[in-house]
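Here is a friendly walk through a few local features of the model. Have the coordinates open as you read.

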Amino acid sequence: MLRLTSNRGLGSRFFVYIWFIAAVFMKLYVLHGNLHARYIDMNLLDDLIAIGSIMLVSFWTLWLPPRGRGIALGILNVLLTALIFADLVYYRYFGDFLTVPVLLQAGQVGELGGSIRELIHLADLWLIVDWAAWAAVKIMLRFTRGGSSRRQGQLHNSFGGRTSSHGFGGASFSPVSFGSGSRRSGGRRFGRLFSGIGVFLLGFVLTMGPIRFYTQTWAVGLFENNWWNVSLYNVTGLLGFHYYDASRYLKEHLGSGQQVNTEERDEIRQWFNEASQRRQSDNDLFGAYAGSNVIVIQAEAFMNFTIGKTIGGQEITPNFNKLMDESLYFSNYYHQTGQGRTSDADFSSNSSLHPLPTGSVAVRYPNHAFDMLPQILKSQAGYTAEAYHAYEGSFWNRNNMYQAMGYDRFYSKKDFQLDEPLGWSLGDKSFFRQSLEVMSQEKQPFYSFLITLSSHHPYSLPASIQELDTGEFKGTIFGDYLQAVHYVDAALGEFVEGLKREGLWDRTILAFYGDHDNSITDKAGYEQFLGKTLSDLDMHQIMSQVPLLIHLPDGGHAGVYPEPAGQLDLTPSLLHLLGIATDSYYMMGNNLFASTGPDRPADRLVVLRSGAFTDGKLYYIPSADNLFTNGTCYDLSSRTPAEIEPCRAPHEEAMKRLRISDEVIATNLIADFRKEDQGVRR
């Protein structure tokens, strides 16, 4: 029988490589099919980008001998599959892709446990179907070769054990004389070299050609602005996005980094001066509660749509509802978080700056200078400041970040007795009780910042503490979420009673707000719960709004405040109540207690990290490609889409605010401004 030799020619040399490209391309298609993002498709140019980027990441394997090439492609396949799968799971939770700063926090992934398990679907097995197919081919070839070997053995015997130079009996046909082996070896090396170079050049053209076309047409300025990562993906493809993200990170941290020129610095200073003027107010609330203790509770995934609602005749948040009668309730309060989620809510609420578009400030820039609420209260009013969170202190780099923020002490998981193990760590009822025991012994006035845990995804509470009858939602993640919110509300009620017993209630400003949404995006569940059809605007607001409740020591100024507000507004508003002016601080938020009137309308533009915004009259939802004209501008009075132009000016201001905040954080600009300010004062 004639047998193929190891010199299989160009076609056989590329067989395994073509299989690799097809397999990875299929995986990228599987991921794309799970995104369901508006205005993002995968057309022919996107296909070329995907194929080209696969070539660029793998061309070097063609320089290896056949066996080494096969091993390298196998390892590369596994690594790329792991990356695509991780991106898919991350996108299901965050609506975004993994970045280098997030990967540097990968040590936290193991802590997510059940949350990650909930995000893995059976259909994800399509990502490894090529592995099964390859294994089947290998098995089939092994059986085929086994039969061939037996036939060759019979043929060998029929020739009396002799073999032919033409390939019979497994020998290779070789008309080349002595010394031709080295020439063939050198030829194969040059062939591999030129093959790899050729594939690299082809991959570069296939990738960069369409990207260049996009960035010169509808995606102009994509790489100059802090667009959403999904927008970058829409142009670069997944592998291209990760290459760009890695190069951006290296430029930030190993090179000269982001720089702000003199003109930009002057523009930023001017913007902060104007923001400071907008916050100023000499109304009766300024300093009305000076010297009060301040307790801020950041409640995990506590969303606004549950407030005042019932299910099966039971109030979901009875204690919150009761507090509303003697507190200020901001019914249109928006979380402004990004990839950092809980960490972002913490940062923005205490610094009045936007979070970063990728990663978390606490991980990327914990040592940069910010005007933080605990620092200000300590330096300006002699407060003690402490943070409480019954979880690992290293999570979100809190050990380091809280020290930089100015807290005197951070009480983490190791400081609590786990007498109510629940969910991620300690149940909120015990968490509040033990935290209050510490607070009651503190020197007053104090600032206490508490982060709850019990309503964290995937919201699985033991049956023994479930008190809410969720009816038709029982056994669903939506029902579990309502159950978890009800438990946190009960813990809040016990905490308030504890403050009263300790004599702190009438001397304390209590602020309670949600940190971010619950990551449950299925519209059907919300429509079933609310009993009505929901528009895109309805869903966007539901997923963006969290409650803010502020109780003042005398129970004054209670009521529902419908004006738009956001997490950046919390610190300047609390400082107003305490009589601490914010004109010397670099903050971006509004003062919720600033004077308003016909001659001085309140600037209540609230900008979300995604680029969405509202001013109370208009509401803008950006498109996935982040092109302004592809977004939707809503008239809130009619709650219907309006002409796009009325949203253009506030959109430009929103983009400006996000850019300024990013530059201030990344370049440590506040530290420079402080030095300049001190020089002026001297």
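## A buried glycine

Gly514 is buried, with a relative accessibility of 0%; buried here means under 20% relative accessible area, exposed over 50%, and partly exposed in between (1.4 Å probe, protein chains only). Gly514 belongs to strand S11, residues 508-514. Helices (H or I, at least four residues) and strands (E, at least two) are DSSP runs, numbered from the N terminus.

Which residues does Gly514 touch, not counting those up to four places away in sequence? They are Ala299, Phe302, Val546, Pro547 and Gln567, where contact means heavy atoms within 4.5 Å. Gly514 and Pro547 lie 33 residues apart in sequence, with 5.9 Å from C-alpha to C-alpha.

## How to read the values

This is a predicted model, in which local features need pLDDT of at least 70 and side-chain atom pairs count only at pLDDT 80 or more, while totals for chains, interfaces and linings use all residues. Residues are numbered from 1 along each chain as its sequence is written, and side-chain values use heavy atoms, with hydrogens and water left out.

## The disulfide

The structure holds 1 disulfide, a term for a pair of cysteine sulfur atoms within 2.5 Å. Cys633 and Cys647 form this link, with their sulfur atoms 2.0 Å apart. The pair joins distant parts of the chain, 14 residues apart: Cys633 sits in strand S18 (residues 632-635), and Cys647 in the loop between strand S19 (640-641) and helix H21 (648-666).

The link of Cys633 and Cys647 is right-handed, with 75° about the S-S bond. Cys633 is buried at a relative accessible area of 1%, and Cys647 is buried at 0%.

## An enclosed helix

Now look at helix H19 (residues 536-544): 8 of its 9 residues are buried, so H19 is largely enclosed by the rest of the structure. Among the buried residues are Asp538, His540 and Met543. The buried residues of H19 pack against strand S5 (333-334), helix H18 (523-530), strand S17 (618-621) and S18.

## A helix pair

Helix H14 (residues 373-381) packs with helix H20 (residues 570-578) at an angle of about 20°, their axes 11 Å apart. That makes H14 roughly parallel to H20. Leu373, Ile376 and Leu377 of H14 make the contact with Thr571, Leu574, Leu575 and Leu578 of H20. These contact residues comprise 6 nonpolar, 1 polar and no charged.

Axes are lines fitted to C-alpha atoms, for helices over the stretch in contact, and angles run from 0 to 180 degrees between N-to-C directions. Angles under 35 degrees count as roughly parallel, over 145 as roughly antiparallel, 65 to 115 as roughly perpendicular and the rest as oblique. Ala, Val, Leu, Ile, Met, Phe, Trp, Tyr, Cys and Pro count as nonpolar, Asp, Glu, Lys and Arg as charged, and the others, Gly among them, as polar.
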